[in-house]
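Subject: Structure for you to look at

Hello,

Here is the structure I promised to send over. Please open it alongside this message, and my notes on the salt bridges and the nonpolar cores follow below.

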Amino acid sequence: MRAYHFLKDDMTAGSGNEPAWVEGEERTYDGPVALCQSGYHSSPSWYDTMKYAPGYMACIVEVSTPIASDKTKAVSQTRKLITAHNARSVLIRWACDCAERALLREREAGREPNIHSWKAVEVARKYAQGDFDVNAVNAAHAAALTATTNVYAIVAAADAATYVYAAYAAAVYAAHAAAAYAAAIYAAAAYAAAAYAATAAYNAARSTAVINAEIEWQRKHLDEMMSVLFTNA
């Protein structure tokens, strides 16, 4: 069955000491297989696998019938790497889209986000395009975080109350996929912007339907972007 997975930028796994993978290679785990412990893991979608990414190498894989699974991942005895591409730019641009969408919603609701939040998204987009300026991004990141005082406590207390939390979480996943410090900081600037919106929306009406709809938009948007990557690469 087809599934999705991420590797480090050097094509090695996030844990263990196996050699780097190559396209077309199939491996079978020699030993007992257990979810989150041993065997070859994968996920049913790009959105699901992103939270486990140790790097930017996005992989389409074929796996044997899963031995165990949960909502976001599965583990199999055998996994074959069909194709892989570096998704650094895609993931950061996607995180920016999620953050910007949250900020625009806040503006439409009459709660204008702090200027530093917009700047954070702008700087992150520049990085995704190859415009590297670590001083600028560190400044943007710091400013955006300053604009989100106590945001982490607020987000936790909000019980995923609004679409904005979904955007924040999604951008965090993209930042987590960063393999290098600079890339992590750039992506962090983007999710800091979404975090600002989460702070502002804390008192907004809670709606599971709205959250689910936003997550569905994120899933589709990411699928579309990844499809373009694998088609054009």
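A salt bridge here is a side-chain nitrogen of Lys or Arg within 4 Å of a carboxyl oxygen of Asp or Glu. Please keep in mind that this is a predicted model.

With that criterion, a search of the whole structure turns up 4 salt bridges. One of them pairs Glu18 with Arg27, whose closest N and O atoms are 3.0 Å apart. How accessible are the two partners? Glu18 is partly exposed, at 33% relative accessibility, while Arg27 is buried, at 9%. Arg27 also meets the side chain of Glu25 in a salt bridge, with 2.8 Å from N to O.

Another salt bridge joins the side chains of Asp48 and Arg219, at 3.0 Å from N to O. Which parts of the chain does this pair tie together? Asp48 sits in helix α1 (residues 46-50) and Arg219 in helix α8 (residues 208-232), so the bridge links parts that are 171 residues apart in sequence. Asp48 is buried, with a relative accessible area of 6%, and Arg219 counts as partly exposed at 25% relative accessibility. Going back to the other bridges, shared partners join Glu18, Glu25 and Arg27 into one network.

Now to the nonpolar side of things. The largest nonpolar core has 26 residues, and those with the most contacts inside it are Phe6, Trp46, Ala87, Leu222 and Met226. Which elements give two or more residues to this core? They are β1 (2-7), α1, β4 (57-63), α2 (88-108), α3 (115-128) and α8. Helix α2 provides the largest share, 7 residues. Helices α1 and α8, which hold the two ends of the Asp48 and Arg219 bridge, are thus both on the list of contributors to this core.

Leaving aside neighbours within four places in sequence, Phe6 is in contact with Trp46, Thr49, Met50, Ala53, Pro54, Gly55, Tyr56, Met57, Ala58, Ala87, Leu91 and Met226. Trp46, Ala87 and Met226 in that list are also among the residues with the most contacts inside the core.

Apart from this core lies another one, of 12 residues, among them Trp21, Tyr40, Cys59 and Val61.

Best wishes

Definitions and conventions: Residues numbered from 1 in each chain as written. Predicted model: local features only at pLDDT ≥ 70, side-chain atom pairs only at ≥ 80, totals over all residues. Heavy atoms only, no water. Buried < 20%, exposed > 50% of the residue type's maximum accessible area, 1.4 Å probe, protein only. Helix = DSSP H or I, 4+ residues; strand = E, 2+ residues; numbered from the N terminus. Core = buried A, V, L, I, M, F, W, Y, C linked by side-chain atoms within 4.5 Å. Contact = heavy atoms within 4.5 Å.
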